[in-house]
Amino acid sequence: MQKLRREAIERAKLNSACNTIISTLFVVLVTLLTLFICDLSGLVQLDKPLQYVSAANAIKDQIPERNFISASQTGTLEPLQGQHIDKVNVIKPIIDHREYRYLELENHLKVLLIHDSESEMASAAMDVKAGSWHEPNEYPGLAHFCEHMLFIGSQKYPQTGFFDDLMAKGGGSSNAYTEAQNTNYYFEITVNHLGKALDAFAHFFIDPLFNEDAVNKERNAVNSEYEIDVSTEDWKVVNLFALLADPKHPASRFSIGNNDVLAKEGVVEALKKFYQDNYSSNIMSLAVSSRLSLNEMEKMVKVFSKIENKNLIPQSISGFPYQFGLLGKYKTEKKLVLLNWQLSGREQFVHQKPLELIDYLLNNGNLKDYLKEKQLVIEFESSIFIEQNHFVNYIIELTLPEQPLEDGNIALEITRIINNYIQQLEEWLKDEKYLEEIFKEQSQISKINFEYMEGPQEISNIAKNLNKYESAEVLSSSFIMDVFDKDLILKYISELKKTDNLLILIGDDEYQYTDSTLKGNNKEFLKDKKLDKKSEIYRLEYATQKLTKDSIKIITQKDSKLQKIFTKPQENLFIPDDLKLISLCESNQYKLPIMVHSDQLKPLDKEGKLNILLHAGQDLQEFSEDQCKKEENVYQKNNHFPILLNKENNQWWKVSTQFKLPSVYGAISIQYTKPITIRQFTSARIYNFISDEEINKQLRQPLTTGYSVELDIGKQIEIKAYGFSEKVRSFFNSICGCINPFKDKSKSFIELEEKKEESPDFIRAKQSLITSIKDIFQLKLYEQSFQLYLPSILRKDFFNPELVLQQIPDITEEQMLSDIKDILQNSIQSSLLIGNIDQKNAQDLSTDLQNCIQDKEGQIEKQTRLPISVLSLNGKNWVFAKFVEQDKGDLNGVTLNYYQIGQRNQQNYALMKILQPVLNSQAYNHLRTDLQLGYVVAMKFKQVSCIDGALFLVQGNKELPMKVNQLIEEFLVQFDEYLKTMNKKQFEHLRHSAIVELRQKPQTLSEEADRLWGYISSDDYSFEERQVTIENLKQISKEQIIEFYENVFINNRSKISLQLYGEGMVSQTLSLKNNEEFDSYIKANIPEGATLFTDKESQYYDCPNDVSSV
């Protein structure tokens, strides 16, 4: 639920209602041409479950929002010697409690300090106007390599891994990325470690070391990153754009780097020269945030004034980089059409936002509906793809049915329809009154989304914006939309109509490479399944051809009959008018909420230490108006429990206005009480896609206004939604109408009658499910290891995606609906409402939610949820090895060692909290930095339902997974000695950091909702878990840590080593021809004491509920 508010705001952004899927291309839009490095353990999401992603569910990070709200600068300061302080009023949201101070150091480094009194964590980021476009042609990838090397050490802190160790001690993490014209470094740490962290961070840029030994080691990490990226679907389009760029333009450069180019003689000197020529304080910007005062932080950042100011002027790179007016084809794993327009740059139009407005209009008429109804596409997404100051690429990705038009001209037909819509859009926008009304509407939405922006922006984004926009607009620049410019909007419309800046790209898994040059016209080119170009460095097969006059005519010719079918977006009725916060002091209740049926909780507060529901039930009438609101605020600040409104239906509520958001989060979970079959599960997934599409069709207006919904129908049903409180009940009821499987026409938009032929909606839903399953097998190997293979081993209720795929063709609409109804007749519900809603409205809305997916005529008996069965390793030492053949030439291998701890108890939870950061940091330093086993190295304690365990994850190609397994074992022995020699001060640092992390209160309403819903939805009502863990942490000794560690990893291990071998690793590194030879190799190389995994005679834990993650 934490992401719902962000998603809601982002729906009003460029891709306002694109209802995206996490797909081949758009997974990388967040990090587009962005090369992540450093603490990858903070990047790898080891808690992420395997999902069959639907088009509406997965919301990608997009271009930030807009608006303008003024806030005065707070605090005064006497300038430090040599500093220049600008009197800048940083524009901030009206609900933002943070204080901001902008200044420039004497070396012209731009700095933004942020005082956040509510946060226990501190963060900082540095943005540098130097990136891959500035590196020398002789060493492609050097900018990215430089980014890696700055983390390795400085003259003041030469010890390799010093910064990582500091992050571990302070319960923090760090990362960085390299883009075309900037590089960004950032970290987060507990506030008491901020001073040291900032000093070490500053020396990245004051006196970095480019030690030759470290360079030779770290080059392997860059090469490993290259091997991971080049072997994935995510990067194919990114790399293809590099191939299509003007060879004289730096956009054509290979920007990741690998051993072939970074092992050249002279690379150390080249790194030093690149740093010397491109890093200068006058083109850097620093952002720092903490609960320390602005004055304290200003003293801390003084060290950054030592960064040399070389008075550099960033290299100006102009002109369009890409050669378009093309048809292109490439081999990929699913059928796609990508339309990309290369448009004029828009950075100077911060206040106008022309492209955002056009995108809204493209997505909120009936264009998408028309394409889907004609069975031309099953998904439609749009976004900014690649952008620099002088150009922007606007892209529409269309996922095709598995069996598109046979003649291959589906790409031209889709382009023709979209071009006609753009032509019609241009006609609509000639009506200045309509255009101005749409602009004002979008401007108002932007204003609301900025004023009520939840939580702080990412510190890395703030630093980047500080280097890009006016200092006063560092927070608001992405939201501002206050200048109406009709001519500018029509200019971009005109550019979208052109074909000389258009690339039509078709992806298909049936394409095959040929040595012969392709000939013929566009029609023959599209029909031919051959490709005649190959890139060895990108491992990419493709073909291109110029658009001919005939094709251009087909695309651009006006179709008056078609254009009459199109409808334009209408007035948005979901823009909120009433943004007032509720107050119990102004209600008819006058009493602070008191818990009902609290016997379901497990309050461990026998000594009254936790102040459970402090002052609950207190009569507020005895207070004056001002005092009443103070008492209400104290109540909200101190009480972290929700209120149980209805014990029978497990309905929970919590009023929460402390974040000043006029919003409500709601969630409902429907747990099945009888086991479901694989056919029922498949039916549920198909129905998920149907419901998603209906939601996005019927609720298009609210979803572009700042409301959001997330739906997951599978092994359970979960609905999460966010909306402004004024209209939240109608929004929630509309959601329920979109997913109601019972034939109550007054409630349901979906019409699923018994038909002889399958409906278009049903066909599309089946196609979407097929596509999403295929996407699973295109995940990076390390993602497959913990999202696919580990759950398939450990969880009895896991459904193999390949078997689900086999079920899809045989399921009819009638069977699907019957399956859904049968599932729901055997289920129980839980719900939570939290935010700007009082008890009466919460009770009414909870009743609505209770009837959301329920047959009113059916009587559901009281039932209990199914236990979750988790495999007991019980002292086993298993090896599970798999030859992954999907990606030809993939030289990577993955080792995931899983050590099972057992059922959760409070003491173990506290012990894991202490161990997690230091164990992860030491594993990273040894396995990645010292041994250079791979770019992806991470350690994490991970729960599977109620069973705790620990993961060690490595992906790379330096050593085979069987060898990596042994190296992990050797590290565990070394770490045991490290623990034993740890002194008291080091131990206290770890304990303190764990306590500080647990004390961190929710910083946003969505974070609070996430935390509470995690307990409610899993039937684990340990709301006081953090407070109890803190008390346990205070009592834990170093000896207990050592005993726990040795029991789990040394003496009484229960382990499985999950090993994935890429196709290239098997066929090239091992020279094995098939699975039979691979199996023989594995059997011959099993370590002593280990056996091959078998699920025969397996024993299982039965978990009554899930537990929280560490």
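Predicted model: local features only at pLDDT ≥ 70, side-chain atom pairs only at ≥ 80, totals over all residues.
A residue counts as buried when its relative accessible area is under 20%.

**First stop: a single residue.** Select Asn-419, which is found in helix H12 (residues 410–429). Its relative accessibility is 6%, so Asn-419 counts as buried. Now display its surroundings: leaving aside residues up to four places away in sequence, Asn-419 touches Leu-496, Lys-497, Ile-555 and Thr-556.

**Second stop: a sheet.** Next, select the 6 strands of an open sheet with mixed pairing, whose order is S26-S27-S25-S28-S24-S29. Its edge strands are S26 (936–944) and S29 (1091–1092), each of which pairs on one side only. Strands of a sheet pair through backbone hydrogen bonds, either parallel or antiparallel. In which sense do S24 (residues 877–884) and S29 pair? They pair in the parallel sense, over 2 bridges. To see one bridge pair, select Trp-878 together with its partner in S29, Thr-1091.

**Last stop: two helices in contact.** Keep H28 (residues 906–930) and select H30 (residues 984–999); their axes come within 9 Å and cross at roughly 110°. The two helices are therefore roughly perpendicular to each other. Show the side chains of the contact: H28 contributes Lys-913, Ile-914 and Val-918, while H30 contributes Phe-987, Leu-990, Arg-991, Ala-994, Glu-997 and Leu-998. Of these residues, 6 are nonpolar, none is polar and 3 are charged.

Key. Residues numbered from 1 in each chain as written. Heavy atoms only, no water. Axes fitted to C-alpha atoms, helices over the stretch in contact; angles between N-to-C directions. Helix = DSSP H or I, 4+ residues; strand = E, 2+ residues; numbered from the N terminus. Parallel < 35°, antiparallel > 145°, perpendicular 65-115°, else oblique. Contact = heavy atoms within 4.5 Å. Nonpolar A, V, L, I, M, F, W, Y, C, P; charged D, E, K, R; others polar. Buried < 20%, exposed > 50% of the residue type's maximum accessible area, 1.4 Å probe, protein only. Pairing = 2+ DSSP bridges.
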